[in-house]
Amino acid sequence: MPRAYVITPVHSNAVILIYSFSDGGLLFDNAVPITDAKAKIQVSIFSYYHTLNFFGRLANITASLPYGVANFQGKFIDNETKLYRSGLLDSTFRFSVNLKGGPAMSVKEFLSWQQKTILGVSLKVVAPTGQYDPTKLINNGSNRWAFKPEFGYSGRGGHWVLDAYGGVWFFTTNAEFFSHNTFFRGTQTHSQKPVGSFEGHLSYDVKPRLWVSLDGDFWHGGSTSLNGIANNNTVQTSSRIGATASIPVSTHQSLKVSYSNGAYVRFGGNYQNVSVAWQYSWLGRPD
């Protein structure tokens, strides 16, 4: 996400509605008995964003609740199978604080502030609130927690902004993975090693609040284990490239449109994605 460590005044608020559509293939590399897998996934996300003063530094909190509708097709143990899933996905929470170049500012102070270099850190938490049925292999929820600490950099030169973020995903164990069904009568555990991630964005301000960005990311790691037995075929080495445009609609409203596609996929989803976000923002603390 470009400009993830952007500076706004204290007590900035935003409600964001996102629609995301993904279409493409799923690569399992013999990790599970599924071949020729394809998916069309539609996700709607409701998010709330709020900034605050955190020991003199600007910080923000974002909470997101997604709902997904997906159609899958592929061969499971050489049998042609089609699946439909609809329901809540895992909710996401992010806390971010700027360490350098981003002091907590009022609206008056913000109007005279000019960005140079910003350094920040964040923690994203994915909670297992999505719908999950342990008897099924494909689910909306993951039945585990995920945590991503991240370090972020943002530097401005004139109309150009360069962003770079590096982080690591950590996962808890899914204690009931594809269990209590025709194939596996007992309980299975599924765990995953950490995944390192890096993303970069180069954006250009056309005019205030109207900007475009070239985006790219890369991640590696994440091999999985089933019942404690590691599967090295599940190591991910993948990257995506795309573009984003942010368009002001009114004083309080804006639209953000983005597109991305897989540049290299070693394991996981090789898909195209289009998303549209509507944002309504305002200043002021609740009464």
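Predicted model: local features only at pLDDT ≥ 70, side-chain atom pairs only at ≥ 80, totals over all residues.
Residues are numbered from 1 along each chain as its sequence is written, and side-chain values use heavy atoms, with hydrogens and water left out.

So, the strands. Strands here are DSSP runs of E, at least two residues, numbered from the N terminus, and two of them pair if DSSP finds at least two bridges between them. S3 and S5 (residues 91-100) run antiparallel, joined by six bridges. S3 also runs antiparallel to S4, with ten bridges; Asn71, for instance, has Tyr84 in S4 as its bridge partner. Then there's S2, antiparallel to S3 again, with 19 bridges. On that side, His50 stands opposite Ile61 in S3. S2 and S3 make a hairpin with two residues between them, and Phe55 in the turn has a positive phi of about 55°.

Next, the pocket. By pocket I mean an open set of points on a 1 Å grid over the protein atoms alone, where a 1.4 Å probe fits, with protein on both sides within 12 Å along at least five of seven lines; lining residues have an atom within 4 Å of a point. The second largest pocket has a volume of about 280 Å³, volume being the space filled by probe spheres set on the points, which are joined across faces, edges and corners. Of its 18 lining residues, Ile34, Phe76, Thr81, Leu83 and Ile138 are the closest to the centre. Which element gives the most to that lining? That's S3, with five residues. S2 (34-54), S3 (57-76) and S4 (79-88) are the elements giving two or more.

Out on the surface, Leu17, Phe46, Tyr48, Leu65, Tyr67, Leu88, Tyr280 and Trp282 form a nonpolar patch with about 700 Å² of accessible area together. Patch residues have over 30% relative accessible area and no salt bridge, and nonpolar side chains (Val, Leu, Ile, Met, Phe, Trp, Tyr) are joined within 5 Å; areas are Shrake-Rupley with a 1.4 Å probe, and for residues only the protein chains shown count as cover. S2, S3 and S16 (268-283) each supply at least two of the patch residues.

Last one, salt bridges, meaning a Lys or Arg side-chain nitrogen within 4 Å of an Asp or Glu carboxyl oxygen. The whole structure has five. One joins Lys40 and Asp23 at 3.0 Å, N to O.

Definitions and conventions. Helix = DSSP H or I, 4+ residues; strand = E, 2+ residues; numbered from the N terminus. Patch = residues over 30% accessible without salt bridge, like charges linked within 9 Å, V, L, I, M, F, W, Y side chains within 5 Å.
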